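User: I'm new to this one. Can you walk me through it?

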Amino acid sequence: MYAGGVMAEGKRQFSAVTPGALLRTLVQEGKARGALPGLVIDFTSTHDSAGLAWDTTRLLTVELEPGIDLMTLLINLSEQGVLDWTMSGRTLRVYREGTALGRQLGTGGSPVELRLGRDIDEAPDSATLEDLATAILIRGEKGLAVEVTNPSAVSPWGRWETTQSQGGVRDRGTAILLGQNALERASRERAQLTRGVRFPAARFFPFEHYGPGDFVKAPGDGGQLQALRVRQITLSVDGGGALSGNLVLNDRFIEREIKLARQAAGILAGGVGSGGTGGTPAPEPGGRAPAAPLGLVVNAVAYVDASGTAQGQITATWSPVVADPAGVAIEVDSYEVYARENTPGGIWHQVSTVDGGATTASYSSLRVNVEHAFKVRAVSDGRKGAFSAEIIVLIPDDTTPPPAPSTPTVTTRLGMIHVGWDGLGAAGEDMPSDLDRVQVWMADPLAAGSARVVDSMRVMETVVVGGQPYGVDREIWLTAVDRSGNESGQSEHVTVATQPLVDTDLIEKVISGAHLVDGSITASDKVVANSITGALVQALAIDTGHLKANAVTVDKLAAGSVTAGKLEATLTLSTRLIAGNPTGARVELNSTGLRGFNASGTETISLTNAGTFTLRTAASGPRVQLDNNGLKAFNASGQQTVDISSATGTATLIGQLSSGPSGRRIVVSPDGASDPEIRFYDDNGSSYCRIVVPPRGERTTLQLHSSTQWLSKSRLDISESEFLLWHTDDAGAATYVSGTQSHINLVTPHGSTLLLNWDGQATLSGTNVSINTSNGTIWLFGNPVRVEGSLLVNGNSKTFIIDHPIRDDSYLVHATTESPHNGVEYWGEAVLDEHGKAVVELPGYFEALTAKRDRAVLVTPLTGGGLITAGRPSGGRFTLDGPPGAEVFWLVKAIRADIPPLMVEPRREQIDVHGDGPYRYYTIKESHG
């Protein structure tokens, strides 16, 4: 940035401007000078790069030194929480803080979830407790000293103190706010989470599904999925073109620390704040008009004081005054900041005075959730200048919820639920000083939406919840609410059910005569006249044996009080009771039971007092009958077609049984089938596959085949001694698999065969044979298993498993290692002679088998000290030199010379890759052979 515009004391002044206006000014001036070629900006003075209007409560009043560069300015503004920015190619994009570059991608219907083993790998996390503190002494201007403590901080070593000097801080409230911010940042372990990106298997990829600044779900410090912010993405490509990378993630504590650091930076440096809410200032009693200084902005935050009360703190910033109203230069000695609650007739109070070289002032305490008006004026040689324009700011309330309470203790006693709380947070920390109450929640776990607050407590105590039914589960949990109404998350849930007082507890009963001593209650002296009415007597509780003969007469009964519901359901019949036509459709009740008849007079329902019953649709012909023996159905000929036995549960069905009338269905014993058959119809309802049992020939056979479409030429025959699976192609060539008691044989029309004998031998023949699985495992058993030719293994691992040599309850599992060479290894032990030498003879074929280059000998001394060296293998031997008598272990590695070397980094156009997974193989293309 060059000098220009409004200058004061060598600094360029910007008064109450948006971040877009400030940055565009610098970029456009640079382009006018021929700088920044190719740089494109897509934000304006009024809107950011996403088209979102700049926040008018975050205007800038700043002084910039000429020479500051654009990068430094962008970093400073982002660190103070003013904006987020990124480069896309040659385009500079700037956004409102926490919007476009702070997307919440870890929530919603399709969250971005980075899972271990699929999207990311575990990587070492760095954590530290340095800078941990539980108490801080803030030292401000003019001897101001304020101690702030944090009882909720981690304190493995007890009280841990620190101090901080804050120039420009003159009031206690600002000192408390700065101290609370510093302690909260230093109250817990700080961890940086690094995760490696798994590109081959990932579902979500950086820059495609998420980017720096976005919030995603990923495993945190404890391995559980939680909302983390992507702070950094690093990508790299190796020489073979393989892509790798890692992520740096911040958890909610780190994000909170960043916000607190930004808040502290704003308090100390000023420059960012509200240019006013647009509210109308309350009228001055004397009608005084406000005047410069210009560019007053006020930033308001909330904090909690030592008594637990939310208070407001402001930081005001303005442009320096360099002249009088006539434009004549002057020297300013000081500035005075005034404030009042924005009510008509409100009284102005001077809240701060700063030296003439300062353009930032802070003040506290202010009432939260109340609009305040602010103004500032300059003083020179004792003469007070005109006030600036008034700025109206709503002082925010505290928005930080308390921690979730610890798990409640829940018991049941005397039919009541007792809920206790130990007064601590879920992590064992003390609750904050602004805690208002802890709410006790209760819900029926089987009834959605039944949760409600049943009580609350303010300290460590126990509350009692009554009126709950016995034996019914109730879910209990706690939430904490502070004085500003912020509610914490839920504690752990506890489920409990109330229990009866004693085994004889009278639940949903009245006291019957069995509970009374004979003669203990007499009408003459124990019962008040007319105190026992019908409403107080349980149904059937008074038998006729307890009534005096003729005691109940008509005059004792209220009109309409005797109804059918009041009479015992006992009726003695000497004949029968008929409802309906006595000779047609009717229901008949007599001493033997209940019977029903249809219009023809045929008995269709029979329920006897002996416990038997019959329900049928007709007496003969097609009918359905249900009785004690089960369910039966008959066709028009009277033949029984369905029999379901109630005694055994067996079911017999004669004729066709279909799972549906048409379309996709299963049909058993279809109409017209000559053999036992099951058909499986497809969607068009006419094509089907079938299972058939043909007439017995030499052996009973089960056939699975289709008579139509794509399966028409395939069939599986299963008999007692053999199975045959075959398929013919359009040319009539058949492929089949047959199996007997001695072997399984697979034959293709092109001459390839696989013969597996029960004695353990297997023969695989053909012109080009390979064994390949995509995600499975191939097992080869034998002693030994012999492979002639090259063995190409395609799978996820190459391992062997044997019985553990010293532990009978275990196996021993080893895996292969990988190398860019077709190598061989030989090893052994040697003893150096009296001259300190030993000649080791290698196998006679060594020279013919291995290449001359890259032969290596590794030696390990077994006894003695001193240096032991080995010469290069040549002529099938090598020499060891060292201390006489030393015992040494040697290992020789060499590359095979009888086969071509591996193409370790072939270009894609040179080879064809076959198989699946990491263990694949290649063949060289003819054009590159």
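Analyst: Start with pairing: two strands pair if DSSP finds at least two bridges between them. Strands themselves are DSSP runs (E, at least two residues), numbered from the N terminus. This is a predicted model, so local features need pLDDT of at least 70, side-chain atom pairs count only at pLDDT 80 or more, and totals for chains, interfaces and linings use all residues. Residues are numbered from 1 along each chain as its sequence is written, and side-chain values use heavy atoms, with hydrogens and water left out.

User: Which residue in S36 is the bridge partner of Ser606?

Analyst: Thr614. S35 and S36 pair in the antiparallel sense, over three bridges.

User: And how many bridges join S34 and S35?

Analyst: Five, also antiparallel. Gly596 stands opposite Ile605 in S35. The two strands, S34 and S35, form a hairpin with five residues between them. Gly601, in that turn, has a positive phi of about 85°.

User: New topic. Where is Arg623, and is it buried or exposed?

Analyst: Arg623 lies in strand S37. Arg623 is buried, meaning under 20% relative accessible area, where exposed is over 50% and partly exposed is in between (1.4 Å probe, protein chains only).

User: What is the nearest side chain of opposite charge to Arg623?

Analyst: Asp627, 9.3 Å away. Arg623 has no salt bridge, which would take a side-chain nitrogen of Lys or Arg within 4 Å of a carboxyl oxygen of Asp or Glu. Lys and Arg count as positive, Asp and Glu as negative; His and the chain ends are not counted.

User: What about Phe613?

Analyst: Phe613 is found in strand S36. Phe613 is partly exposed, with a relative accessible area of 30%.

Conventions: Helices (H or I, at least four residues) and strands (E, at least two) are DSSP runs, numbered from the N terminus.
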